[in-house]
Amino acid sequence: MSEPIREQISAFLDGELPGAESELLLKRMMRDSHLRDSFGRYALIGEAMRGTRRTPLSRDFTGRING
């Protein structure tokens, strides 16, 4: 992933990416699973840095999803 894309993701998550660029980034993420994964990681990192509390998952959560 290029540095400009990293910067766009960061700006998007901070609410600082202009509307037109946000639309392009979202379209790109719809086509690129690796970009979606990176977006998810950036979001988690941001939450951790801000101290955003998330509800902890139970130990059997994955097993219940996998069925």
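Mentor: Welcome! Let us begin with a term: helices (H or I, at least four residues) and strands (E, at least two) are DSSP runs, numbered from the N terminus. This is a predicted model, in which local features need pLDDT of at least 70 and side-chain atom pairs count only at pLDDT 80 or more, while totals for chains, interfaces and linings use all residues. Residues are numbered from 1 along each chain as its sequence is written, and side-chain values use heavy atoms, with hydrogens and water left out.

Trainee: Thanks! How many helices and strands does the protein have?

Mentor: There are 4 helices and 0 strands, giving the pattern α-α-α-α along the sequence.

Trainee: How do I read a salt bridge, and which side chains meet in one here?

Mentor: Look for a side-chain nitrogen of Lys or Arg within 4 Å of a carboxyl oxygen of Asp or Glu. The whole structure holds 1 salt bridge, where Arg6 and Glu3 come together at 3.5 Å, N to O. Both residues sit in helix H1, 3 residues apart, about one turn of the helix.

Trainee: Why does Arg6 count as partly exposed?

Mentor: Buried means under 20% relative accessible area, exposed over 50%, and partly exposed in between (1.4 Å probe, protein chains only). Arg6 has 32% relative accessibility, so it is partly exposed; Glu3, at 44%, is also classed as partly exposed. Of the 67 residues of the protein, 18% count as buried.

Trainee: Which residues make up the largest nonpolar core?

Mentor: First, the general idea: in soluble globular proteins, nonpolar side chains tend to be buried together. A nonpolar core is a set of buried Ala, Val, Leu, Ile, Met, Phe, Trp, Tyr and Cys residues joined through side-chain atoms within 4.5 Å. Here the largest one has 8 residues: Ile5, Ile9, Ala11, Leu17, Leu25, Met29, Leu35 and Phe39. At least two residues of this core come from each of H1, H2 and H3, and H1 gives the most, with 3 residues.

Trainee: What is Phe39 in contact with, leaving aside its neighbours within four places in sequence?

Mentor: Contact means heavy atoms within 4.5 Å. With those neighbours set aside, Phe39 touches Ile9, Phe12, Leu13 and Met29. Ala11, another member of the core, lies in helix H1 and is buried at 16% relative accessibility. Beyond its own neighbours within four places, Ala11 is in contact with Glu16 and Leu17.

Trainee: Which are the buried residues of H3?

Mentor: They are Leu35, Ser38, Phe39, Gly46 and Glu47, and they pack against helix H1 (3-13) and helix H2 (19-31).

Trainee: Is Tyr42 buried or partly exposed?

Mentor: Tyr42, which lies in helix H3, has 26% relative accessibility and so counts as partly exposed. Leaving aside neighbours within four places in sequence, Tyr42 is in contact with Met1, Arg6, Ile9 and Leu13.
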